[in-house]
Amino acid sequence: MKKLIVVAVFALALVGSLQAQEFHGAFGFGTVTAPGPSTDNNGITTPSLSGGLYPSFSGIFILKHHLGFGGEVAWRAKRETYGVSASNFAQAYPLRPIFYDFNAVYGSNFGKKFGGDVMAGIGAESLRFYTPYYTCGFTSCTNYQSSNHFAGHFGADLRIYFCGHAFIRPEAHYYVIKNNVEFNNSNAARFAVSIGYSFMPGF
């Protein structure tokens, strides 16, 4: 997780070297909702992705004519127990879902107290299944195995400025996840509230 955050921060700092007219950086907390558990014709029940507390980091750069780009990462703060069950067997694993995405963004301000962004882009859902042992590769050792799924992403937010350039931002995100078989092949929505700061001239 630390490596993922470092990579995300480095990428945003690199992009920040461009001549952005605005930059909105934020940290938030939210949760994920998705369809409930389901049972197939063989009696195998798959769980729901819903629930849990998801911290998140995000950055949005507005370059010109209210258009720009951004990225974010959100992960489940506490590992959940992932279980698949049937009449004759049951399996359970510690699991941490991670969502990340990169987007084209349209952002605008409404006076000095409000602003908003709409976005669409691509990303992934990374499911980390933890094991009691470490597997070592060429550069590092890990105690988990990942199942990664490509995802389309759509989102919108409302920035409410409460002190200068500092804002509170309620936001909603929808992930169209490809082959999400661990969770009944379902899509997911994430709702969050972030606190952040805007760097922009003349505001």
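**Reading contacts, strands and burial in a predicted model**

Reader: Which residues does Phe110 touch, not counting residues up to four places away in sequence?

Author: A contact means heavy atoms within 4.5 Å. By that rule, and leaving out residues up to four places away in sequence, Phe110 touches Gly115 and Gly116. Please note that this is a predicted model, in which local features need pLDDT of at least 70 and side-chain atom pairs count only at pLDDT 80 or more, while totals for chains, interfaces and linings use all residues. Residues are numbered from 1 along each chain as its sequence is written, and side-chain values use heavy atoms, with hydrogens and water left out.

Reader: How many helices and strands does the protein chain have, and in what pattern do they follow along the sequence?

Author: The protein chain has 1 helix and 11 strands. Along the sequence the pattern reads α-β-β-β-β-β-β-β-β-β-β-β. Of the contacts in the chain between residues at least 6 apart in sequence, 62% join residues at least 24 apart.

Reader: Is Ser198 buried or exposed?

Author: A residue is buried under 20% relative accessible area, exposed over 50%, and partly exposed in between (1.4 Å probe, protein chains only). Ser198 is buried because its relative accessibility is 0%. Phe110, by contrast, has 49% and is therefore partly exposed. Of the 203 residues in the protein chain, 42% are buried.

Reader: What does Ser198 touch, not counting residues up to four places away in sequence?

Author: Ser198, in strand S11 (residues 188-199), touches Phe23, His24, Arg159, Tyr161, His165 and Phe167, with residues up to four places away in sequence not counted. Ser198 and Ile60 are 138 residues apart along the chain, and their C-alpha atoms are separated by 9.4 Å.

Reader: Which residues have the most contacts inside the largest nonpolar core?

Author: A nonpolar core is a set of buried Ala, Val, Leu, Ile, Met, Phe, Trp, Tyr and Cys residues joined through side-chain atoms within 4.5 Å. The largest one here has 14 residues, and those with the most contacts inside it are Val32, Leu49, Leu95, Phe99, Ile177, Phe183 and Ala188. Strands S7, S8 (114-136) and S10 are the elements that give two or more residues to this core. Ile177 touches Phe99 and Ala188, and also Glu125, His149, Phe150, Ala151, Asn185, Ser186 and Asn187, not counting residues up to four places away in sequence.

Reader: Which residues does a disulfide join?

Author: A disulfide is a pair of cysteine sulfur atoms within 2.5 Å. A search of the whole structure finds 1: Cys136 is joined to Cys141, with an S to S distance of 1.9 Å. The link of Cys136 and Cys141 is right-handed, with 105° about the S-S bond.

Reader: Is Cys136 buried or exposed, and what of Cys141?

Author: Cys136 has a relative accessible area of 53%, so Cys136 is exposed. Cys141, at 41%, counts as partly exposed. Another cysteine, Cys163, counts as exposed at 53% relative accessibility.

Methods. Helix = DSSP H or I, 4+ residues; strand = E, 2+ residues; numbered from the N terminus.
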